Amino acid sequence: MLSFYVTTVGFYFCTMLTVLTVYIFLYGKTYLALSGVGESIQNRADIQGNKALSVALNTQFLFQIGVFTAIPMILGFILEEGVLTAFVSFITMQFQLCSVFFTFSLGTRTHYFGRTILHGGAKYRATGRGFVVRHIKFAENYRLYSRSHFVKGLEVALLLVIFLAYGFNNSGAIGYILLSISSWFMALSWLFAPYVFNPSGFEWQKVVEDFRDWTNWLFYRGGIGVKGEESWEAWWDEELAHIHTFRGRILETILSLRFFIFQYGVVYHMHAAKESTTLSVCLCFSTVLLADMKFTDK
């Protein structure tokens with residue numbers, strides 16, 4: 001089934017691997033930066049005159065910006081329309097922000113496919129067949145894409161900022177741009193695509209109405225019979241329904257350990273723990289963070 005790329009599970013499996021690769025790359029670079037191992041590796045390579053690392057990073061940049069993933073589409077255009085028409089069509093698609101749209105849809109497929117693999121519960125989601133060109137309120141966009149795109153987009157952006165602040169890169173700003181441009185593109189697409197493609201999304205009167213609807217949704221208490229479209233509390237319970245089982249909690253806890261390791265590196269890199277190297281300092285930070293999150297949730 002994996003050989004039938006577009007029509008079966010192979011397509012979704014490939015999209016999930018694409019996003020996982022970005023996560024592994026960013027967390028790997030961040031951990032190397034916070035631990036100081038990245039600087040040590042680069043200094044040793046410079047002393048020994050070893051250029052393999054630079055060559056690998058340059059090659060990784062070519063793969064990272066999506067050139068090779070776009071080749072099948074370009075070749076398809078060339079076979080159907082000819083070289084010149086294919087080139088014009090490809091450039092036109094970029095001006096129409098097709099890359100932003102498909103990068104955003106990549107996050108949708110990855111999120112729900114990964115959730116189904118971890119927790120099960122695959123089902124048909126009715127989307128309706130309403131009028132296409134209509135304004136979507138901010139609260140509705142948030143409900144649809146918060147867990148699947150906005151949270152993950154902020155996480156990717158945070159990793160990129162931490163790598164910029166603490167990472168070691170002897171190539172300077174150019175090297176950082178080459179290594180992170182596609183990741184920044186993905187993060188910004190996940191954060192802003194629903195509003196860029198939303199009709200009348202930046203009209204002032206619509207913004208005022210959306211803000212009023214957003215605040216009403218936030219402050220309306222949940223309860224029996226209250227739907228997620230009416231209350232933030234009810235929506236939050238619906239979003240976390242898949243981890244109410246023991247297996248779901250164990251899996252989510254394992255996945256969340258990446259934040260603990262990330263926090264551990266930041267705390268000690270900022271010398272917030274002075275000369276202490278025990279886990280107790282990081283546990284203290286984690287306790288304060290969890291207490292604050294619990295208080296905010298209440």
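Residues are numbered from 1 along each chain as its sequence is written, and side-chain values use heavy atoms, with hydrogens and water left out. Because the model is predicted, local features need pLDDT of at least 70 and side-chain atom pairs count only at pLDDT 80 or more, whereas totals for chains, interfaces and linings use all residues.

The protein contains 12 helices and zero strands, where helices (H or I, at least four residues) and strands (E, at least two) are DSSP runs numbered from the N terminus. Along the sequence, the pattern reads α-α-α-α-α-α-α-α-α-α-α-α. Of the 298 residues in the protein, 31% are buried, buried meaning under 20% relative accessible area, exposed over 50% and partly exposed in between (1.4 Å probe, protein chains only). Among contacts with a separation of 6 or more, 66% come from residues 24 or more positions apart, a contact being heavy atoms within 4.5 Å.

Rolling a probe the size of a water molecule over the atoms shows where empty space is left. Two or more lining residues are given by each of helix H1 (9-35), helix H7 (138-166) and helix H8 (172-196), with H1 giving the most, at four residues. By class, the lining has six nonpolar, two polar and one charged residues, where Ala, Val, Leu, Ile, Met, Phe, Trp, Tyr, Cys and Pro count as nonpolar, Asp, Glu, Lys and Arg as charged, and the others, Gly among them, as polar.

Phe150 lies in helix H7 and is buried, with a relative accessible area of 8%. Leaving aside neighbours within four places in sequence, Phe150 is in contact with Asn141, Tyr142, Tyr145, Trp190, Leu191, Pro194 and Tyr195. Phe150 and Phe192 are 42 residues apart in sequence, while their C-alpha atoms are 8.6 Å apart in space.

In helix H10 (residues 232-239), the buried residues are Ala234, Trp235 and Glu239. They cover an arc of only 140° around the axis, which puts them on the same side of H10; the arc is that of the directions from the helix axis to the C-beta atoms. These buried residues pack against helix H6 (98-119), H7 and helix H9 (204-219). The N-terminal end of H10 is capped by Ser231, a side-chain oxygen of which lies 3.2 Å from the backbone nitrogen of Glu233.

Thr110 lies in helix H6 and counts as buried at 12% relative accessibility. A polar atom of the Thr110 side chain lies 2.8 Å from the backbone oxygen of Leu106. Beyond neighbours within four places in sequence, Thr110 is in contact with Thr15, Met16 and Val19.

Most residues other than glycine have a negative phi. Leu97, although not a glycine, has a positive phi of about 60°. Leu97 is placed in the loop between helix H5 (83-95) and H6 and is partly exposed, with a relative accessible area of 34%.

Terms used
Polar contact = N/O pair within 3.5 Å; in protein donor to acceptor, adjacent residues only side chain to side chain.
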